[in-house]
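Dear colleague,

Here is the structure I promised to hand over to you. Please open it beside this message, and my notes on what was found in it follow below.

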Amino acid sequence: MRALVLLWSLGPLLWQLRTSLLPPDALVGQGPTAWTLENYRLVLSGDPPLWASLRNSGLVGLGTTLLTLSLALPCAYALQRHRAGLLGWGVGAVLLAASLFPTVLLFLGLLEMARSLHLANSLTALCLPYTALALPLAILILRAAIAALPPELEDAARLEGLALGQRLRSVLLPLLAPALASTAILTFLASWNEYPIALTWISRVDRLTLPTAMARLAGSSVFTVPYGAFAAATVLGSLPLLLLVLVAQRWIISGLTQGAVKG
Amino acid sequence: MSGLQLQQLSRRCGDRLVLEHLDLAVAPGECLALLGPSGCGKTTTLRLVAGLDPCSGGRILLNGEDITARPAGEREVAMVFQSYALFPHLDVGENLALGLRSRGIPRAERDRRIASVLELLQLTALVRRRPAQLSGGQRQRVALARALLRQPRIVLLDEPMSNLDARLREELRPELRRLLCGGEPPVLYVTHDQQEAMGMADRIAVLQAGRLEQVGGVRELYTDPASRFVADFLGRPAINWLPGRDGTALGLRPEHLRPRPEGGLQARPERREWWGHQQLLWLETPRGTLRMLLPEGAEAGAEGLRVGWRAADELWFDAAGQRLSAEGPWRQGLESGAV
């Protein structure tokens with residue numbers, strides 16, 4: 001049963017890996033099935049080279065994640081610790097509604113905004129809508145995490161003479177590390193995979209993010225679908241995510257085993 | 001004035017009055033227990049003194065100095081929380097060092113103080129353990145160590161032993177007294193356990209619904225309660241209540257009831273609990289069920305007996321729960337029980 005689930009989730013990825021390592025002819029049953037890195041050479045030397053869009057996506061993802069976390073944490077803290085009865089409840093409801101809002105409806109407005117504020121073709125500017133979209137969920141996750149911390153821990157820290165900044169650094173952040181790590185992963189993932197906003201905001205070839213750059217791969221040839229190139233780009237695009245999750249996992253797991261937050 | 005004074009201290013949560021005009025004084029080195037049922041305002045009082053919550057009214061004086069508006073971190077208050085509130089991501093040594101570091105105490109001095117307090121509480125071997133790797137008793141000692149390290153001006157204890165088993169609690173009581181009480185700082189000890197309050201405190205303040213019911217010595221509160229609530233709250237097994245005239249009530253402690261050859265009330269034992277050094281009898285009488293404590297050796301027949309008490313042991317209260325003098329018209333009708 002476990003093997004079946006593993007196969008179910010890993011199967012497509014492995015198939016993609018195999019596809020990326022075969023010459024195009026072999027994919028349709030013609031020619032020899034010799035392993036090759038030709039597809040990778042193709043996408044990495046293309047115009048724009050894939051590594052450039054990987055870098056762009058990485059920068060946008062990093063910026064979005066940092067911006068989201070640094071806004072969401074104080075927000076969640078204030079909402080949880082200074083909850084103002086009905087108001088706090090209302091804000092929570094609005095957050096939930098916002099995180100469920102169909103983002104497709106925002107594109108026209110965002111496009112108009114980008115035009116009038118001259119935000120087009122800027123990677124930094126792209127972080128703004130991404131952050132806005134990621135914030136509601138991030139706040140909800142962090143708020144739940146803060147709610148799970150016993151308030152006496154902070155009281156004790158206050159009595160120890162720790163100011164808000166010190167409490168944040170030496171008590172709250174370490175204890176919230178697991179929640180922060182999972183929020184960071186979710187935010188980075190959403191930004192990494194985002195397509196429509198990037199498509200409409202970015203037109204300069206050297207500033208394309210990964211999804212938009214991948215879409216351009218198809219446009220390079222009218223008559224054949226470049227399966228091999230797609231596969232290679234997918235594999236390359238998944239590697240950073242894999243790395244990220246592996247790194248963050250250590251935080252998440254250390255948070256879980258630490259346990260006994262009850263003191 | 002030295003020591004801690006609370007003057008007209010009030011705390012309002014929304015439109016609910018959690019604490020109402022509390023006046024209380026704790027002398028230097030004195031241990032005062034705040035005793036009362038859940039929600040009576042005892043923990044609130046502690047948090048106000050610690051500066052963790054703002055007062056809605058009144059003043060807090062420490063050695064004559066008004067500290068009402070001073071932030072928690074500057075009050076030099078040591079507090080032991082019910083949950084101990086140890087930082088789970090830090091080991092014992094780091095837990096203790098955190099506060100000293102934030103106060104900018106140099107490393108050498110810090111290490112020296114931590115080492116001496118670890119020694120005092122026999123925690124030296126556990127210094128690299130995290131709270132999750134400690135037993136309840138050890139965690140409590142770490143919390144105590146953190147409080148002692150502070151060289152505090154006030155010591156606050158919020159049910160520090162409620163997470164320990166009864167045996168350990170009994171053992172720790174004298175140790176806690178030795179470590180915390182009798183020094184310079186006044187000690188406020190919050191508990192809902194009257195035995196703990198009686199064992200720990202020099203004086204006890206009984207709170208109910210945000211109001212001070214009575215404050216006094218341990219013995220005084222037990223033998224001379226000011227209100228029906230205090231009489232009812234203190235003492236195990238609980239005091240017996242007999243209805244008097246005009247809504248008055250007579251309180252009789254179970255240990256004050258005695259078997260009598262004649263006079264008193266006719267009683268029939270319903271149930272008995274044997275406690276080793278004494279036994280508790282549940283007596284069915286014409287005036288209701290009474291609990292009576294019999295010393296070891298005394299026997300009550302199964303079929304029936306007569307119980308009486310000394311007039312001096314009667315505790316009378318009016319319909320509003322206020323204490324009445326032992327002489328008055330309310331005694332009529334129950335005199336037959338007196339011996």
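**Strands and helices of chain B**

In E8(B), Asp158(B) has Val190(B) as its bridge partner; helices (H or I, at least four residues) and strands (E, at least two) are DSSP runs, numbered from the N terminus. This is a predicted model, in which local features need pLDDT of at least 70 and side-chain atom pairs count only at pLDDT 80 or more, while totals for chains, interfaces and linings use all residues. Residues are numbered from 1 along each chain as its sequence is written, and chains are lettered from A and ligands numbered from 1 in the order in which they are written.

E7(B) and strand E8 (residues 187-191) of chain B run parallel and are joined by 4 bridges, where two strands are said to pair if DSSP finds at least two bridges between them. Between E7(B) and E8(B) the chain passes through helix H5 (residues 166-180) of chain B, in a β-α-β crossover that is right-handed, meaning that, with the strands pointing away from the viewer, the path from the first strand over the helix to the second runs clockwise. E7(B) also pairs with E6(B), in the parallel sense and over 4 bridges, and there Val155(B) in E7(B) is the bridge partner of Ala78(B).

Strand E7 (residues 154-158) of chain B is largely enclosed by the rest of the structure, because 5 of its 5 residues are buried (20 or more other C-beta atoms within 10 Å of a residue's own, C-beta atoms being placed from the backbone). Ile154(B), Leu156(B) and Asp158(B) lie on one side of E7(B), with Val155(B) and Leu157(B) on the other.

Helix H4 (residues 136-149) of chain B is also largely enclosed by the rest of the structure, because 11 of the 14 residues of H4(B) are buried. Among these buried residues are Arg139(B), Arg141(B) and Arg146(B), and the buried residues of H4(B) pack against E6, H2, helix H3 (107-120), E7 and H5 of chain B. Just after H4(B), Gln151(B) takes a positive phi of about 50°.

**Contact between the chains**

The contact takes 21 residues from chain A and 20 residues from chain B, two residues being in contact if their C-beta atoms, placed from the backbone, lie within 7 Å. On the side of chain B that touches chain A, strand E6 (77-80) and helix H2 (92-102) of chain B are the elements that give two or more residues, and H2(B) gives the most, with 3 residues.

With best regards

Terms used. Buried ≥ 20, exposed ≤ 12 C-beta atoms within 10 Å, placed from the backbone. Expected span 1.5 Å × (residues − 1).
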